Amino acid sequence: MKHRRVLRAAVTVAVTGALAAGMTMALTTSANAGTTLRASAAEKGRYFGAAVATGKLSTSAYVTVLNREFNSVVAENEMKWDATEPQQGQFRYTGGDRLVSHAQANGMSVRGHALLWYQQQPGWAQNMSGSTLRSAMINHVTQVATHYRGKIHSWDVVNEAFADGGSGGRRDSNLQRTGNDWIEAAFRAARAADPGAKLCYNDYNTDGINAKSTGIYNMVRDFKSRGVPIDCVGFQSHLGTSLASDYQANLQRFADLGVDVQITELDVMTGGNQANIYGAVTRACMNVSRCTGITVWGVRDCDSWRGSDNALLFDCNGNKKAAYTNVLNALNAGPGIPTDPPTDPPTDPPTDPPTDPPTDPPTVGCSASVSLNSWTGGFVASVKVTAGSAGTSGWNVGFTLPSGASVTNTWSATASGSTGTVRFANVNYNGRLGAGQVTEFGFQGTGSASGVTPTCTAS
Ligand code: XIL
């Protein structure tokens with residue numbers, strides 16, 4: 001919401017400035033609405049972004065186009081795991097920080113990409129498994145999201161975790177083998193580290209209603225019903241020579257679950273349809289009120305990871321292509337996001353009723369229940385805290401762990417102790433609960449926690 005207000009202010013300045021200047025110049029923050037991607041998107045309450053290789057920020061021809069046309073950036077590689085934690089526990093933020101500074105100096109928001117992905121992991125993580133990897137990956141999420149806290153509009157918390165083909169299931173990876181709940185553990189850790197960032201799941205081959213997008217849809221619906229903190233779904237949209245006819249319908253069905261949707265890595269194979277496909281994707285986003293922005297995966301054709309596909313909006317000399325014109329026209333023709341309060345449509349409950357309503361009836365004080373995901377030598381505990389009829393201003397949940405068990409990581413709560421009797425206190429944003437309200441926290445440990453029962457105390 002803050003983001004939108006900033007953009008709106010920028011547009012107001014832009015229009016006034018441009019009128020005063022006789023509409024002769026298009027400067028970074030004074031581009032005229034209707035004549036650049038950034039101004040046209042901002043007028044409609046949205047962003048228009050590009051993936052940036054930070055090395056190119058010293059190429060003036062590149063920066064000219066970037067600053068004129070885009071009001072959002074994402075690091076093409078510099079915020080990935082191999083770049084940000086090349087050795088375990090040694091974090092390197094040089095490239096990402098450079099991009100954030102550029103964005104801040106030029107009125108751009110920043111998408112964070114990507115906290116966890118099966119590709120571009122540092123070698124040390126590739127060689128890990130089980131609870132060691134689970135701890136390392138949660139620590140990575142926590143450290144990186146904390147470093148960039150307050151500076152990221154949306155984080156791709158998890159990238160490409162679903163399999164291609166007809167299964168609709170998860171992709172096998174070292175991350176997946178730490179337990180099926182690795183994705184929700186990552187989202188919880190990201191929320192705790194940067195409560196202001198929108199947290200996205202991001203994937204490709206999800207450009208219509210198909211087995212893969214439906215698998216993701218079911219995960220998002222489950223997350224929403226259980227209170228796992230997810231805010232958005234990214235559709236990479238690396239496209240070929242045609243566009244699924246239900247592209248927009250697919251975006252809309254996710255939006256109807258109560259999450260924002262974003263086009264996150266758009267590029268389109270060259271050929272007769274390129275310009276039309278770019279226009280159609282932009283129209284689809286504009287027609288979905290929760291589609292909050294579009295990012296293209298590079299600026300000029302020669303910047304693209306897709307080699308000779310000429311997949312972007314500008315040719316190698318920075319000239320606008322036909323695809324650019326179609327995108328700009330679609331932005332200008334599209335409806336805006338309603339800005340009157342409530343800015344976001346009311347938080348629609350998921351269309352299907354939550355699969356498991358809280359089992360504990362409200363009581364005075366609080367109650368807690370735990371569900372365990374265990375593997376040989378480790379476990380993750382997801383704990384649900386339910387306030388009694390008086391509500392809570394804080395809560396504390398205790399467990400007595402069997403001998404040999406030890407807590408190694410906690411999210412959305414603060415642990416005291418790690419073995420024997422361990423207590424978990426609320427963190428600042430989840431202590432205050434209304435009567436019957438539910439919140440969740442989790443912890444991870446080594447050894448076995450089977451049979452543990454929580455006791456909850458409210459204050
Ligand atoms: C690509 C980058 O563009 C390349 O420079 C790099 O060599 C490989 O990764 N899906 C994603 C992006 O989520 O991170 C990928 O980016 C493209 C596919």
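# Exercises on a predicted chain

Of the 459 residues in the chain, 55% are buried (under 20% relative accessible area; exposed is over 50%, partly exposed lies in between, with a 1.4 Å probe and protein chains only). This is a predicted model: local features need pLDDT of at least 70, side-chain atom pairs count only at pLDDT 80 or more, and totals for chains, interfaces and linings use all residues. Residues are numbered from 1 along each chain as its sequence is written, and side-chain values use heavy atoms, with hydrogens and water left out.

## Exercise 1: the whole chain

Find how many helices and strands the chain has.

*Solution.* 
- Step 1. Know the terms. Helices (H or I, at least four residues) and strands (E, at least two) are DSSP runs, numbered from the N terminus.
- Step 2. Read the totals. The chain has 12 helices and 17 strands.

## Exercise 2: His140

Decide whether His140 is buried or exposed.

*Solution.* 
- Step 1. Locate the residue. His140 sits in helix 7, residues 130-147.
- Step 2. Check its area. The relative accessible area of His140 is 0%, so His140 is buried.
- Step 3. List its partners. Residues up to four places away in sequence are not counted; His140 then touches Trp81, Thr84, Glu85, Phe91, Leu115 and Leu116.
- Step 4. Look along the chain. Ala189 is 49 residues from His140, and their C-alpha atoms are 9.5 Å apart.

## Exercise 3: the ligand

Describe which residues surround the ligand.

*Solution.* 
- Step 1. Count the shell (a residue is near if one of its heavy atoms lies within 4 Å). There are 13 residues, and the closest are Glu76, Lys80, His113, Glu265 and Trp297.
- Step 2. Sort the shell. Three residues are nonpolar, six polar and four charged. Ala, Val, Leu, Ile, Met, Phe, Trp, Tyr, Cys and Pro count as nonpolar, Asp, Glu, Lys and Arg as charged, and the others, Gly among them, as polar.
- Step 3. The side chain of Trp297 has an N or O atom 2.9 Å from a ligand oxygen atom. For Glu160, a side-chain N or O atom is 3.2 Å from a ligand nitrogen atom.
- Step 4. Work out the cover. On its own the ligand has 410 Å² of accessible area (Shrake-Rupley method, 1.4 Å probe; for residues, only the protein chains shown count as cover), and the protein covers 79% of it.

## Exercise 4: the cores

Find which residues have the most contacts inside the largest nonpolar core.

*Solution.* 
- Step 1. Define the core. It is a set of buried Ala, Val, Leu, Ile, Met, Phe, Trp, Tyr and Cys residues joined through side-chain atoms within 4.5 Å.
- Step 2. Name the residues. The largest core has 94 residues, and Phe48, Leu66, Trp155, Val158, Phe187 and Leu313 have the most contacts inside it.
- Step 3. Find the main source. Helix 8 (residues 182-193) gives the largest share of this core, eight residues.
- Step 4. Note the other core. A second, separate core has 22 residues, including Cys366, Phe424, Leu433 and Phe443.

## Exercise 5: backbone exceptions

Identify which residues a cis peptide bond joins.

*Solution.* 
- Step 1. Recall the rule. Most residues other than glycine have a negative phi, and most peptide bonds are trans.
- Step 2. Find the bond. His113 and Ala114 are joined by a cis peptide bond, with omega about -10°. Ala114 is in strand 3, residues 109-117.
- Step 3. Check phi. Gln120 is not a glycine, yet its phi is positive, near 50°. Asn310, also not a glycine, has a positive phi of about 45°.
- Step 4. Gln120 is partly exposed because its relative accessibility is 29%. Asn310 is partly exposed at 33%.

Notes. Contact means heavy atoms within 4.5 Å. A polar contact is a pair of N or O atoms within 3.5 Å; within protein, one must be able to donate a hydrogen and the other to accept it, and residues adjacent in sequence count only if both atoms are side-chain atoms.
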